[in-house]
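Subject: Structure handover

Hello,

Here is the structure we talked about. Please open it and keep it beside you while you read my notes below.

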Amino acid sequence: MKEIWVINGPNLNMLGIREPLIYGHETLKDLEDKLVKNKNVKLKFLQSNHEGTLIDWLQEAYIKKIDGIIFNPAAYTHTSIAIADAVRAISPLPVIEVHLSKIDEREDYRKVSYVKEYCYKQIFGKGLAVYQEALDLLLLL
Ligand code: DQA
């Protein structure tokens with residue numbers, strides 16, 4: 001059975017509370033409850049507000065030979081060369097970049113993703129459904 005890690009970055013622990021008009025009313029726990037219904041895969045859910053912790057997990061996933069990562073780097077998407085380097089370093093481990101919101105229709109600074117180039121795919125703008133879409137894709141690889 002494949003093992004996939006779902007890694008969420010800063011402020012995503014605030015889902016459900018944080019700007020519901022943009023991110024919806026569902027929580028990170030709701031996301032986990034939805035995804036665990038996929039019985040054909042072993043999932044691990046991780047969330048941190050800290051850049052270095054996210055990098056440690058990306059490296060750990062590589063060392064442990066995890067099959068794929070669904071990664072929402074949140075604001076670090078638009079700022080962190082260190083996280084982009086980490087995604088690059090663990091290639092060819094497939095990482096799918098996800099975002100709940102339509103990052104292409106928001107502030108200009110959200111249109112830049114430092115990780116995109118090193119990810120297998122970028123999926124955004126469909127709320128929590130982006131995680132399921134990423135999972136379906138990783139299970140096909
Ligand atoms: C986000 C989009 C980012 O721009 C923002 O900083 C987030 C969440 C999203 O899922 O839509 O924290 O990654």
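Lys37 is exposed, with a relative accessible area of 64%. Here buried means under 20% relative accessible area, exposed means over 50%, and partly exposed is in between (1.4 Å probe, protein chains only). You will find Lys37 in the loop between helix H2 (28–35) and strand S2. Helices (H or I, at least four residues) and strands (E, at least two) are DSSP runs, numbered from the N terminus. Lys37 and Glu60 are 23 residues apart along the chain, and their C-alpha atoms are separated by 25 Å.

A word on the source. This is a predicted model, where local features need pLDDT of at least 70 and side-chain atom pairs count only at pLDDT 80 or more, while totals for chains, interfaces and linings use all residues. Residues are numbered from 1 along each chain as its sequence is written, and side-chain values use heavy atoms, with hydrogens and water left out.

Now the salt bridges. Side chains of opposite charge can pair when their charged atoms come close. A salt bridge here is a side-chain nitrogen of Lys or Arg within 4 Å of a carboxyl oxygen of Asp or Glu. How many salt bridges does the structure hold? The count is 8.

- Lys42 pairs with Glu3, with 3.7 Å between the closest N and O atoms. Lys42 lies in strand S2 (residues 41–47) and Glu3 in strand S1 (residues 2–8), so the pair ties together parts that are 39 residues apart in sequence. Lys42 is partly exposed at 48%, while Glu3 is buried at 19%.
- Lys64 pairs with Glu60, and their closest N and O atoms are 2.6 Å apart. Lys64 is partly exposed at 48% relative accessibility. Glu60 is partly exposed at 25%.
- Glu107 meets Arg106 at 3.9 Å, N to O. Glu107 is partly exposed at 32%, and Arg106 is buried at 16%. Salt bridges with shared partners join Arg106, Glu107 and Arg110 into one network.

Arg110 also takes us to the ligand. Which residues surround the ligand? They are Arg18, Tyr23, Asn72, Ala74, Ala75, His78, His99, Leu100, Ser101, Ile103 and Arg110.

Look next at the oxygen atoms of the ligand. A polar side-chain atom of Arg18 lies 2.9 Å from a ligand oxygen. For Arg110, the distance from a polar side-chain atom to a ligand oxygen is 2.8 Å. For Ser101, a side-chain N or O atom is 2.6 Å from a ligand oxygen. Taken alone, the ligand exposes 320 Å², and the protein buries 99% of that. Accessible areas come from the Shrake-Rupley method with a 1.4 Å probe; for residues, only the protein chains shown count as cover.

Last, the surface. Ile81, Val112 and Tyr114 form a nonpolar patch there, with about 270 Å² of accessible area together. Patches are made of residues with over 30% relative accessible area and no salt bridge; like charges are joined within 9 Å, nonpolar side chains (Val, Leu, Ile, Met, Phe, Trp, Tyr) within 5 Å. Tyr114 is partly exposed at 36%. Tyr114 sits in the loop between strand S4 (95–99) and strand S5 (121–124).

Best wishes

How values were computed
A residue is near a molecule or strand if one of its heavy atoms lies within 4 Å of it. A polar contact is a pair of N or O atoms within 3.5 Å; within protein, one must be able to donate a hydrogen and the other to accept it, and residues adjacent in sequence count only if both atoms are side-chain atoms.
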